[in-house]
Amino acid sequence: MGRRKKIFLKSVRFKITLWYMLILAVVLCVFSVLIYQNLENRLYESVDDLIRSRAEGIADAIDTYWETKKLEALEDGENIETYSKVDNNNFAKIAHNWVEEKSKDVKLINTIVQIFDSNGKQIVSSKNISGRFTLPREILCSTLRGNDHLYNLDIDMPGDKELPLRVFTMPVMERGQTAYIIQVASPLNLIFSGLNKLKATLLILVPLSVFSTAALGVFLVTLALNPVDSMIKTIRQITAENLKLRIDIPDTKDEIKRLADTFNNMLARLDHAFSFEKQFIQDVSHELRTPLTILKGELEITLKKNRSSQEYKSVLMSSLEEINKISRMVESLLTLARLDSQQIKFSMERLELTDLLERVLDDMRVLAIQKAIGIDLFNQDKITVEADENQMSCVFFNLLDNAVKYTPPNGKVTVEVHKSNNFARVKVSDTGIGIPEDALRHIFDRFYQVEKSRSTSGFGLGLCIVKSIVDAHHGQIEVESRQEQGTTITVSLPLLPSP
């Protein structure tokens with residue numbers, strides 16, 4: 001059980017689920033904080049608008065009441081100049097009476113009202129809060145300069161309780177100075193209660209949502225990775241003996257399908273490599289068996305009785321010839337192995353193709369003359385590439401050697417050099433026996449020999465070496481051939497940019 005738990009904790013399922021939970025938790029927490037702050041701001045804005053409008057309404061109502069009293073005084077013949085709101089006992093009585101009358105108004109049930117004179121002395125206060133808080137000195141000074149104020153305040157209530165209030169203080173101006181100050185407050189306990197309930201709800205819902213979604217995520221991840229489990233079962237059955245086995249490709253267009261395609265392609269390459277290795281071992285064994293059999297047979301026959309010195313010499317020369325064959329084949333195989341493993345370090349330099357071909361042709365004309373084969377070179381001057389001179393000499397020597405070898409007497413071999421599409425192209429053409437169409441795609445395989453050429457002394461490694469060298473120079477090699485009409489092999493090498 002413990003081992004399974006450890007495996008699960010290290011699995012892709014667990015990691016995906018864990019990351020999903022973390023991301024979801026962060027998103028939900030941010031979302032919850034934004035909701036909480038937005039609601040809190042909206043509630044405060046609503047309370048602020050409410051107490052501000054009520055303060056303004058109270059000021060308008062008191063002013064209206066006060067103007068009515070002034071008119072009554074004017075009708076009674078009193079001097080209205082004495083009816084100033086600043087430090088006026090009559091105004092204090094009017095304000096007190098108005099608050100008393102409106103204390104039972106439905107609109108003001110949850111509203112606390114206080115009125116102060118310009119000295120900060122309380123004129124009147126709601127009965128339910130009378131004497132419980134005063135006007136702070138700094139608020140008074142700022143209000144006398146004509147500023148409004150909104151702030152929170154906690155006041156002590158009976159039973160060692162505190163009542164949170166949102167307070168709005170507003171000056172009422174008369175003739176450029178503060179006549180009196182209205183302070184309206186609204187309790188915040190309902191807002192705090194609502195916010196606390198929201199907070200508690202979010203604290204429950206967020207973890208619950210994260211864990212319930214995680215459980216669903218495990219199920220979905222398991223469902224999504226089922227094709228991977230199927231692939232694993234198939235992969236476990238694949239061995240060196242059944243590399244033909246392939247993974248079932250899911251009918252999707254996702255990463256799992258790409259993974260299956262990639263793995264099947266890898267299996268195909270491994271299958272080809274294993275098949276090639278088996279074929280290579282068989283071919284090497286076949287090629288070595290013939291000279292070794294000849295060596296063994298000649299030596300066994302020679303040792304059966306005494307021979308003359310001439311006979312011993314003949315056997316030794318024959319044995320040396322077979323040993324040379326084996327040596328050449330081993331040398332060719334070593335060259336191929338070094339090319340495949342990129343152990344051969346090419347000495348890249350500027351190389352004039354025409355000069356190189358002329359030197360190779362000088363050596364090949366000795367063999368061509370023996371078969372009365374003509375060799376012609378058609379070239380464009382100053383065709384320069386970057387290449388290893390020794391390796392490219394090996395390429396063209398092999399191509400010309402094959403051309404001469406498989407061309408009947410009195411035939412013809414031509415070499416053409418020209419430029420085309422930023423490449424230097426060397427065409428080696430002959431009038432030889434040609435290559436069957438079905439053999440063209442195999443001629444660069446190791447040990448492959450066309451049946452008509454089996455009687456020659458080659459091993460089928462020359463063209464394979466040629467292609468490896470050309471590939472290492474970032475070049476291309478192409479073959480065109482028709483039986484009994486001849487063969488053309490084209491080597492393309494990148495040109496050096498013009499100076």
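In the predicted model, the side chain of Thr169 lies 3.1 Å from that of Gln183, a separation at which the two make a polar contact. Thr169 has its place in strand 4, and, because its relative accessibility is 0%, Thr169 counts as buried, the cut-off for that class being under 20%. With residues up to four places away in sequence left out of the count, Thr169 touches Leu135, Ile139, Thr143, Asn147, Asp148, His149, Tyr151, Ile181, Ile182 and Gln183.

The strand that holds Thr169 belongs to an open sheet of five strands, which are arranged in the order 2-1-5-4-3 and pair in antiparallel fashion. The edges of this sheet are formed by strand 2 (122-125) and strand 3 (149-157), each of which pairs on one side only. On average, and with direction ignored, neighbouring strands of the sheet are turned by 25° against each other. Packed on the sheet is helix 4 (residues 137-144), which touches strand 3, strand 4 (161-174) and strand 5 (177-187), and the direction of helix 4 makes about 130° with that of strand 5.

Strands of a sheet pair, in general, through backbone hydrogen bonds, and such pairing may be either parallel or antiparallel. In the present sheet, strand 1 (residues 112-117) and strand 2 run antiparallel and are joined by three bridges; with regard to individual residues, Gln114 has Ser125 of strand 2 as its bridge partner.

How values were computed:
Residues are numbered from 1 along each chain as its sequence is written. This is a predicted model: local features need pLDDT of at least 70, side-chain atom pairs count only at pLDDT 80 or more; totals for chains, interfaces and linings use all residues. Side-chain values use heavy atoms; hydrogens and water are left out. Two strands pair if DSSP finds at least two bridges between them. Helices (H or I, at least four residues) and strands (E, at least two) are DSSP runs, numbered from the N terminus. Axes are lines fitted to C-alpha atoms, for helices over the stretch in contact, and angles run from 0 to 180 degrees between N-to-C directions. Contact means heavy atoms within 4.5 Å. Buried means under 20% relative accessible area, exposed over 50%, partly exposed in between (1.4 Å probe, protein chains only). A polar contact is a pair of N or O atoms within 3.5 Å; within protein, one must be able to donate a hydrogen and the other to accept it, and residues adjacent in sequence count only if both atoms are side-chain atoms.
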